[in-house]
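I opened this entry to get my bearings in a fold that is new to me.

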Amino acid sequence: MTTNDILSACQRQFPKLALEVQQGDAGDPWMLIPAGQAAEVIRFLKDDLAFNYLACLSGADFGEYLGVIYQLRNLDNKDEIMVKTLTPRQEPRVPTLAHLYGNANWFEREVYDLLGIDFTGSPDQRRIMMPDDWIGHPLRKDFQEAADYRGFPTTRPDTHRILDQTMPPKPVTEPAAGSEPTE
């Protein structure tokens, strides 16, 4: 089943929704769906088209919008679909998929923690990677890192610069006898 076949099935099921297939520079197609109806469309993909495995749920900062990307698989016939949804940066909100896929909550917690996207209806939306009192969401393009966290610096030295100071310079190779030196 191609991405266009899946899109056609979704358009028949949801004729009033603006659904479309897009393609990235690498050639991988995805289906773009409205954020507010993400759970409804993905439930259809799971229940009617047998996309029974949520392989990955990730987030991205696209500037004006934040995005959630779902990688769904049908384990029986090996079909795969990438579904993307965009949500406004000022109030990023997408419905949870935790009631559809058992592993969704872990993925959603990571996206919430690192990008600040609220998964409405989530059974356990709390930080999973950053400390509970961390301020901000570090994968947002506008994130401003604090100079320290609880008295410890958050910046690290440039390790390449440090290694360059401790490593001896590369030896200069001498030209073979009778050949002209090269620069």
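My notes below go from the whole chain to single side chains.

**Ground rules.** I am reading a predicted model, in which local features need pLDDT of at least 70, side-chain atom pairs count only at pLDDT 80 or more, and totals for chains, interfaces and linings use all residues. Residues are numbered from 1 along each chain as its sequence is written, and side-chain values use heavy atoms, with hydrogens and water left out.

**The whole chain.** I looked up the elements and found 4 helices and 9 strands. Helices (H or I, at least four residues) and strands (E, at least two) are DSSP runs, numbered from the N terminus. Along the sequence the pattern reads α-β-β-α-β-β-β-β-α-β-β-β-α. Next I checked burial: 36% of the 183 residues are buried. Buried means under 20% relative accessible area, exposed over 50%, and partly exposed in between, with a 1.4 Å probe and protein chains only. I then looked at contacts (heavy atoms within 4.5 Å). Among those between residues at least 6 apart in sequence, 47% join residues at least 24 apart. The accessible surface comes to about 11,800 Å², and 52% of it belongs to carbon and sulfur atoms. That area comes from the Shrake-Rupley method with a 1.4 Å probe; for residues, only the protein chains shown count as cover.

**The core.** Which residues touch the most other members of the largest nonpolar core? I found Met31, Ile42, Leu45, Tyr70, Leu72, Val83 and Tyr101, in a core of 35 residues. A nonpolar core is a set of buried Ala, Val, Leu, Ile, Met, Phe, Trp, Tyr and Cys residues joined through side-chain atoms within 4.5 Å. Elements giving two or more residues to this core include helix 1 (3–13), strand 2 (29–34), helix 2 (38–47) and strand 4 (65–74). Helix 2 gives the largest share, 6 residues.

**Helix 2.** I listed its buried residues: Ala38, Ala39, Val41, Ile42, Phe44 and Leu45. They pack against helix 1, strand 2, strand 4, strand 5 and strand 6 (93–95). I kept a general rule in mind: an α-helix has 3.6 residues a turn, so residues three or four places apart point the same way.

Methionine 31 is in strand 2. It counts as buried because its relative accessibility is 0%. Leaving aside neighbours within four places in sequence, its contacts include Ile6, Leu7, Val41, Leu45 and Val83. Methionine 31 is 27 residues from asparagine 4 in sequence, yet their C-alpha atoms are 8.6 Å apart.

**Rings.** How many aromatic pairs does the structure hold? I found 2. Rings of Phe, Tyr and Trp (its six-membered ring) pair if their centres lie within 6.5 Å; planes under 30 degrees apart count as stacked, over 60 as edge-to-face and the rest as tilted. Phenylalanine 14 and phenylalanine 44 have ring centres 5.7 Å apart and planes at 90 degrees, so this pair is edge-to-face. Phenylalanine 14 lies in the loop between helix 1 and strand 1 (20–23) and phenylalanine 44 in helix 2, so the pair ties together parts 30 residues apart in sequence. Both are buried. Tryptophan 134 and tyrosine 149 have ring centres 5.3 Å apart and planes at 45 degrees, so this pair is tilted. Tryptophan 134 counts as buried at 17% relative accessibility, whereas tyrosine 149 is partly exposed at 22%.

**Charges over rings.** A charge sits over a ring if NZ of Lys or CZ of Arg is within 6 Å of the ring centre and within 35 degrees of the ring normal. The charged end of lysine 84 sits over the ring of tryptophan 30, 3.5 Å from its centre. The charged end of lysine 46 sits over the ring of tyrosine 101, 5.1 Å from its centre.

**A loop arginine.** Is arginine 127 buried or exposed? It is buried, because its relative accessible area is 12%. Arginine 127 lies in the loop between strand 7 and strand 8. A polar atom of its side chain lies 3.1 Å from the backbone oxygen of tryptophan 134.

Key
Polar contact = N/O pair within 3.5 Å; in protein donor to acceptor, adjacent residues only side chain to side chain.
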